[in-house]
Amino acid sequence: MIEAPTTQYVGVQLPQSQSLDENVQNIATLLERGMTHLRTFEQGRVLLDLETSITCFEDGLATCTPTTSIRPNLLHNLGAASFLRFEHGGNREDLGDALKFFRSALDLRPVGHLDRSTTLHGISAALNARFLEDEDSADLNDGIECLQEALDLRPPGDPHRWRVLNNLAELYRSRNMLNTDVSDIAWAIKYHEDALAELQTGHPQRYVTLNNLALSLHGRFDIDRDEADLDLAIRYHTEALESWPKSNPNKLDSIESLALAYESRFRLSGDPADMDSVVENYQNALAQVLSEELGRGRWLRITASACLTRFGNTGGLADLNLAVNYHEQDLELRPADDPERATSLSNLASALYTRFDYEHHREDLDTAIGYFRQGLDLLPEGHAGRSISLNNLGDALRVRYKETGEKGDIDLAITCHEEDLSLCSDDHPDRPGIQTNLALALYMRSSVSQGGEDLRASIENFQAALTLGAMDETLRFSTLLNLAEAFGTRFERCGNSRDLDSQIQCVQETLETNVDNHPRRASCMDQLGQALLTRFNRTGDHTDIDDAVNYLSGALEQFPIGDPNRGFALANLGDALRTR
């Protein structure tokens, strides 16, 4: 949080009135009037006050000579007012004017002049604002140089030293986020700590430095993963919020920063209490944001996301229901022409789909599919979000097809996955998963059609997915096992021994992957044992029957007592032993 340069911190020292001639006295009056309007603007944010202050400063400057003693004061305050107008309206011309006036004021304030520090501070704030728009590191570097010089002019105990330290630290933190130089975040933390040391407990601005120090500590944690930094960040965020003014709009940002720190610690340690704190903080923020004009939709979405994370950790249905409720509220805020409506539809559909997977209520699945379709309809061809929407709808339709056998669902699922695949380049990291999903849908339809075309296309897509280098081990395990099942099905239909050999090879490759704890590993061993037994019955190769017994024995050991598959595995092992 950078403190902007305002007239409150200019430190203008006017000469005594009796020492001024009439012209300079008029200029001084304009200067004082402009400062009064500028302070009024800061309190009420009425643009007319800001414009009036600028007019006063401009009129005073037009009357000045190059040597008028209060010329630098006019230039500085005109820079401050221009900067405030830039913040208010976003006009880059105002930002350029602010820099021009600040620099002109600096030229009239020699090295060592106390007011030079204030003007250097103003230049750095304007440079930081330009950096935030252009991300030109040269602005950051120049801003740091300005504040380093300003700091030298503010000795310990100076009432404004903490502000220079705070803003210098923030520029170092910004540069660290740009280049990940660990020395920059170290300097940021040092200067924030120095700023905190300048502020007594109870100082009205102490919360600013506490919050910024916490952000810097969290930033260092992201680099070196030292949990002690995260613990301190949470402590300082909490202390900052205790003294944060209720009317300050930045308080919500601090609440979010505290929640993010708790979430980082949860992901590090897995402590459920940290995730409880994440949800509690987001709900606290949500209670303060009552309208979409204040960003309620965003807070609804991130609170829902936190509830889903906690549900994934604890399995508590209450969190899942909360997530659905928050996404429903978010959707209510999105009229038909809202550009965020498609995202809200997708979020709600995903939450309902998750709840169906947990409770198996068909109403949730049907409603999720309806929302997925509505969201997809809002995304034209070429939209960046269309691919994920196609994939989500296709997945949900496949699941409903397994529930109902409705052919229209599997046909539409295949259409979705085919379009999704057409949008994906060969080297895209998501392509293996997309192609596998298409293969699964084709395989499911082949069981109904009994025709060879869907089964052939399914096998080809599984094989194509496996040739892509971006596939992770877990997906590779599942894809190999599904391909083996497809080869096994074609062998059962056509009796071609090459399909049986391919099935056995695929399952063997599956077991060679580095996914020892995959939930389907026992089923994989059982499938391989059965396939080897089948091949032994056709060829009489005793190696196959011995291997079949070994794999079926291994499968039986992995199925726990009470697992319904254990009985089938026991029967399969008995068949193999009798055959041998």
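Contact means heavy atoms within 4.5 Å. I keep that cut-off for every contact below.

**Ground rules.** I am working on a predicted model, where local features need pLDDT of at least 70, side-chain atom pairs count only at pLDDT 80 or more, and totals for chains, interfaces and linings use all residues. Residues are numbered from 1 along each chain as its sequence is written, and side-chain values use heavy atoms, with hydrogens and water left out.

**Entry: Val399.** I found Val399 in helix 17 (residues 386–404). Helices here are DSSP runs of H or I with at least four residues, numbered from the N terminus. Which residues does Val399 touch, leaving aside its neighbours within four places in sequence? I found Tyr353, Phe356 and Leu365. Leu365 is 34 residues from Val399 along the chain, yet their C-alpha atoms are separated by 8.6 Å. Val399 has a relative accessible area of 23%, so it is partly exposed. The scale uses a 1.4 Å probe on protein chains only: buried is under 20%, exposed is over 50%, partly exposed is in between.

**Entry: helices 14 and 15.** I looked up helix 14 (residues 317–332) against helix 15 (residues 341–359). Their axes lie 9 Å apart at an angle of about 155 degrees. Axes are lines fitted to C-alpha atoms over the stretch in contact, and angles run from 0 to 180 degrees between N-to-C directions. The two helices are therefore roughly antiparallel. Under 35 degrees counts as roughly parallel, over 145 as roughly antiparallel, 65 to 115 as roughly perpendicular, and the rest as oblique. Among the residues that meet are Leu320 and Val324 in helix 14, and Leu348 and Leu352 in helix 15. The contact residues divide into nine nonpolar, five polar and five charged. Ala, Val, Leu, Ile, Met, Phe, Trp, Tyr, Cys and Pro count as nonpolar, Asp, Glu, Lys and Arg as charged, and the others, Gly among them, as polar.

**Entry: helices 21 and 23.** Helix 21 (residues 473–494) and helix 23 (residues 521–539) cross at roughly 30 degrees, and their axes come within 11 Å. That makes them roughly parallel.

**Entry: cysteines.** How many disulfides does the structure hold? I counted zero. A disulfide needs a pair of cysteine sulfur atoms within 2.5 Å. Cys506 is in no disulfide either, as the nearest cysteine sulfur, that of Cys524, is 10 Å away. Cys424 is buried at 9% relative accessible area, and Cys506 is buried at 7%.
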